[in-house]
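Dear colleague,

I am handing over the model we spoke about, with the sequence and coordinates placed just below. My notes on what was found in it follow.

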Amino acid sequence: PVNDAYEPGSVFKIFTVAIAHSVGGISYDDKFLCDGAYERKIPGGETIRIKCLDHHGWLTASDALKYSCNDVLGQISDKIDDDEFIDKIKMLGFGSKTGIEMSGETSGFVKETDNKTWSGRSKATIAIGQEISVSAVQMVQAATSIANNGTPVKLSVINKITDKEGSVIFQHEPQYKNRIFSKATADYLLNCMEITATTGTGSKANLSDVSIGVKTGTAQMADKEKGGYSDTDFLSNCIAIFPVEDPQIVLYIVVQKAKGETYAGRIVAPVIAKAADLIINH
C-alpha cells in the first residue's frame with residue numbers, strides 16, 4: 001500500500017468530479033451526452049478519442065459515476081482549467097509522500113502541464129485515472145477529504161507508544177491538512193458514491209444494514225516488456241466510505257492481475273462488502 005505506484009483507473013473519477021464541482025465547473029443538474037466516446041479536436045487539427053464502455057445517453061455527473069462513463073468524465077474535465085486541475089490533484093496529496101510512518105514510501109507521479117509529455121489528451125486521460133500514478137495510501141488520504149467534510153486527514157499507523165512500565169509516552173491526536181473542498185462538495189460526492197453502491201457499478205459492495213458509498217475502477221497495467229498497456233494484466237480496485245451519513249471508515253482494496261474476472265465491480269466490490277461487514281462487527 002505504501003511502496004507501489006500504479007494507475008488507479010475509474011476510482012479516480014470521484015476526485016475529478018469533486019474538483020469540477022468545487023471550482024464551479026459543474027452543478028448537480030448539468031447533463032452531458034455520452035455517445036460512446038469522448039472526442040475533441042485540439043490545435044493542429046488532431047482529434048483525440050477516448051472510448052466509453054457504452055452509449056449512455058444524457059447523464060449528470062452523478063450518473064457518470066454510477067455508470068463509470070469515460071465520455072462524460074472527459075467532458076467534465078473540459079470544464080476545469082488545466083493548471084487548476086493539476087494543482088487540486090496535488091493538494092489532495094498525489095505526487096508527494098503522505099508521511100505515514102512506514103519505510104520506502106513512493107511519491108507516485110503527477111504530470112505537470114509544462115511537462116514535455118503533456119498532450120491534448122492528458123487532462124481527459126488523468127480525469128479517468130490514467131496518465132497518473134498513485135499509491136494506495138495516497139488514495140485513502142485523498143478519500144478522507146470526502147469523508148471529512150472537505151478536509152483531508154493526515155495518515156498514521158501509530159495510536160500510542162508506551163514505555164516498558166506501560167506508561168503512555170505518546171498518544172496520537174488527529175492532524176488535518178488544508179481544506180480542499182466545501183462541505184457541500186463532500187456531501188455531494190458521498191451521495192454520488194452511495195448511488196453507485198445502491199444502483200451502479202458498485203452494487204455488489206452494498207450493505208443491507210449500513211449505508212456505504214463506493215467507486216470501482218479497472219485499469220490496464222503497463223506492459224513492461226513491450227511498452228504500452230497489457231492486454232492481459234489488469235488492476236481492479238474499489239474504494240468505500242461508510243456510514244455515508246457520518247463517515248467513520250475509508251476502506252480500499254486493490255487486486256492486481258486477477259485471473260478470469262477483471263472488472264472491479266464483480267471482483268473487488270464483493271470483497272469490500274465482506275470486509276466492511278467484518279469491520280462494522282468489530
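Is Ser68 buried or exposed? At 11% relative accessibility, Ser68 counts as buried, where buried means under 20% relative accessible area, exposed over 50% and partly exposed in between, with a 1.4 Å probe and protein chains only.

Before going further, please note that this is a predicted model, in which local features need pLDDT of at least 70 and side-chain atom pairs count only at pLDDT 80 or more, while totals for chains, interfaces and linings use all residues. Residues are numbered from 1 along each chain as its sequence is written, and side-chain values use heavy atoms, with hydrogens and water left out.

Backbone features

Ser68 sits in the loop between α2 (61-67) and α3 (70-77), helices and strands being DSSP runs numbered from the N terminus (H or I of at least four residues for helices, E of at least two for strands). Its phi is near 55 degrees, a positive value in a residue other than glycine. Asn149, in the loop between α6 (136-147) and β5 (160-162), also has a positive phi, of about 60 degrees, although it is not a glycine; Asn149 is partly exposed, with a relative accessible area of 32%. Most residues other than glycine have a negative phi, and most peptide bonds are trans. A cis peptide bond joins Phe242 and Pro243, with omega at about -15 degrees, and Pro243 belongs to the loop between β8 and β9 (249-256).

The cores and helix α4

The largest nonpolar core has 58 residues, and those with the most contacts inside it are Phe15, Val17, Ile89 and Phe94; such a core is a set of buried Ala, Val, Leu, Ile, Met, Phe, Trp, Tyr and Cys residues joined through side-chain atoms within 4.5 Å. Apart from it lies another core, of 16 residues, which includes Ile212, Phe242, Ala264 and Ala273. Phe15 is in contact (heavy atoms within 4.5 Å) with Leu92, Phe94, Met139, Ala142, Ala143 and Ile146, leaving aside its neighbours within four places in sequence.

In helix α4 (residues 82-91) the buried residues are Phe85, Ile86, Lys88 and Ile89. Seen down the axis of α4, these buried residues fall within an arc of 160 degrees, so they line one face of the helix, the arc being that of the directions from the helix axis to the C-beta atoms. Their cover includes α1 (13-22) and α5 (122-127). At the start of α4, a side-chain oxygen of Asp81 reaches to within 3.1 Å of the backbone nitrogen of Asp83, and α4 is followed by Gly93, whose phi is positive, near 105 degrees.

Thr98 lies in the loop between α4 and α5 and, at 3% relative accessibility, counts as buried. Not counting residues up to four places away in sequence, Thr98 touches Glu105, Val137, Gln138, Gln141 and Lys154.

Helix α3 and His56

Seven of the eight residues of α3 are buried, so this helix is largely enclosed by the rest of the structure; the buried ones are Asn70, Asp71, Val72, Leu73, Gly74, Ile76 and Ser77. His56, in the loop between β3 and β4 (57-59), is in contact with Cys34, Tyr67 and Cys69, again leaving aside neighbours within four places in sequence. His56 and Asp35 are 21 residues apart in sequence and 6.7 Å apart in space, C-alpha to C-alpha.

The largest pocket

About 930 Å³ of space lies in the largest pocket. On a 1 Å grid over the protein atoms alone, a pocket is an open set of points where a 1.4 Å probe fits, with protein on both sides within 12 Å along at least five of seven lines, and lining residues have an atom within 4 Å of a point; grid points are joined across faces, edges and corners, and the volume is the space filled by probe spheres set on the points. The lining comprises 35 residues, of which Ser10, Leu53, Asn70, Thr218 and Tyr263 lie nearest the centre of the pocket. At least two lining residues each come from β3 (47-51), β7 (213-222), β8 (229-242) and α8 (264-267), and β7 gives the most, with six.

Gly217 is found in strand β7 and is buried, with a relative accessible area of 2%. Not counting residues up to four places away in sequence, Gly217 touches Pro8, Ser10, Val11, Leu235, Ser236, Asn237 and Ala264.

With best regards

Notes:
A polar contact is a pair of N or O atoms within 3.5 Å; within protein, one must be able to donate a hydrogen and the other to accept it, and residues adjacent in sequence count only if both atoms are side-chain atoms.
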